[in-house]
Amino acid sequence: MTIETTTAGVLALIVIMTLVTLVTRLGGVFAMSFVRISPRVESFINTMASSVLIAIVVPMAFAGDAGALAALSVTTVVMLALKKPLPAISAGILAAALVRYLV
Amino acid sequence: MKKSSYPYQFQPAKVRSELLRMLPISLFVVAFGAAFGLAAVQKGLAPFDTLLMSTLMFAGASQFAAIEMWGAEVPVIPVMVVVFAINSRHLLMGASLYPMLKDVSPAKRYGLILLLTDANWAVAAQDYQSGRHNLEVILGGGLVLWLAWIIGTWLGVYFGGLFQNPKSLGMDMVLGCFLLSMALGGKKNLRVLVAWGLAAAASLAAWKWLPANTHVVAGALAGGVVGFFWLEKQPTDAQEEAA
């Protein structure tokens, strides 16, 4: 099934995509309202939460160019050294820009 | 008054301070939004439709993917699958906030979650690990990020030429660096490191061998399994904060 990108068609597509996105935002919370939060579930949630971040970033490093790798490596080093996000992020972005300028 | 059943007290001052805290990252989101606005009009979307999409969806990566599939005709099911797959991380992110969200009324709970996005969630999740309950960042941070996304899209639609190549400035790495710094700022013990190792391996395996855009959920669930079977000695010290 396809939708033609007429005026009405585009609106329909936007509504459909919005509904799908809404399901993802509301669905996890809704599902959890049926779960009793035991210490085990709490522990699952907590390790899952920081694992989401790792699962976004690691493939980003592998799929990305040298600039992406530089950005993430520099952010890691600065963050572990200073423990402050803003300098770590700025240094990472700067590293990406610099590597891409040079390479 | 059902204060007792929903004990979470919103602090308006904290909503404002969290909004300001997310302001720097929001400036980068403006640049992202501009890149999206430009890409969308180049694909033939009308300015109004582009702005509507950003306002309603508020989900950058999936919007980029959707306009990649744009043409005279758009296949409905594939677009739905791609949008769902990319945004499926919201399911886990929302679930992870439930221990806090259960303390607000359902109307507020589902209202708040409409503003859920990577950056404000990452702050709330990391604060929760440290025993701080911070739903204010979902509200304040979400609002400023949402506005930044809309303003950025608007700039890209009308002044796209200014943002031809955000990649050369490293702008595409802002969110990645931000999320990484959030992860590294959290608790790091053997249990967490094992979870991260498994999450990294699973996400890479999924990225390589499973259908596209499944890697975040695969990695996150793999990390969660470690937590499920390996409990910390003291279950939680968040309880006293909530009181």
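**Contacts between chains A and B, and within chain B**

Trainee: How many residues does the contact take from chain B and from chain A?
Mentor: Chain B gives 80 residues to the contact and chain A gives 63 residues. Please keep in mind that this is a predicted model.

Trainee: And on the side of chain B that touches chain A, how do the residues divide?
Mentor: That side of chain B holds 55 nonpolar residues, 20 polar ones and five charged ones.

Trainee: Which strand of chain B is joined to strand 1 of chain A?
Mentor: Strand 1 of chain B, residues 73-75, is joined by three bridges to strand 1 of chain A, residues 2-4. The two strands run antiparallel.

Trainee: What is the bridge partner of A:Glu4 there?
Mentor: A:Glu4 is partnered by B:Glu73.

Trainee: Changing topic: into which domains is chain B divided?
Mentor: Domain 1 of chain B covers 12-186, and domain 2 covers 188-243. Their C-alpha centres lie 22 Å apart. Where these two domains of chain B touch, domain 1 provides 12 residues and domain 2 provides 10 residues.

Trainee: Which helices supply the domain 1 side?
Mentor: In chain B, helix 5 (76-87) and helix 6 (89-96) each supply at least two residues of the side of domain 1 that touches domain 2. The largest share, three residues, comes from helix 5 of chain B.

Trainee: What about the residue classes on that side of domain 1?
Mentor: The side of domain 1 of chain B that touches domain 2 has five nonpolar residues, four polar and three charged.

Notes
Residues numbered from 1 in each chain as written. Chains lettered and ligands numbered in written order. Predicted model: local features only at pLDDT ≥ 70, side-chain atom pairs only at ≥ 80, totals over all residues. Contact = placed C-beta atoms within 7 Å. Nonpolar A, V, L, I, M, F, W, Y, C, P; charged D, E, K, R; others polar. Pairing = 2+ DSSP bridges. Helix = DSSP H or I, 4+ residues; strand = E, 2+ residues; numbered from the N terminus. Domains from an automatic or database assignment.
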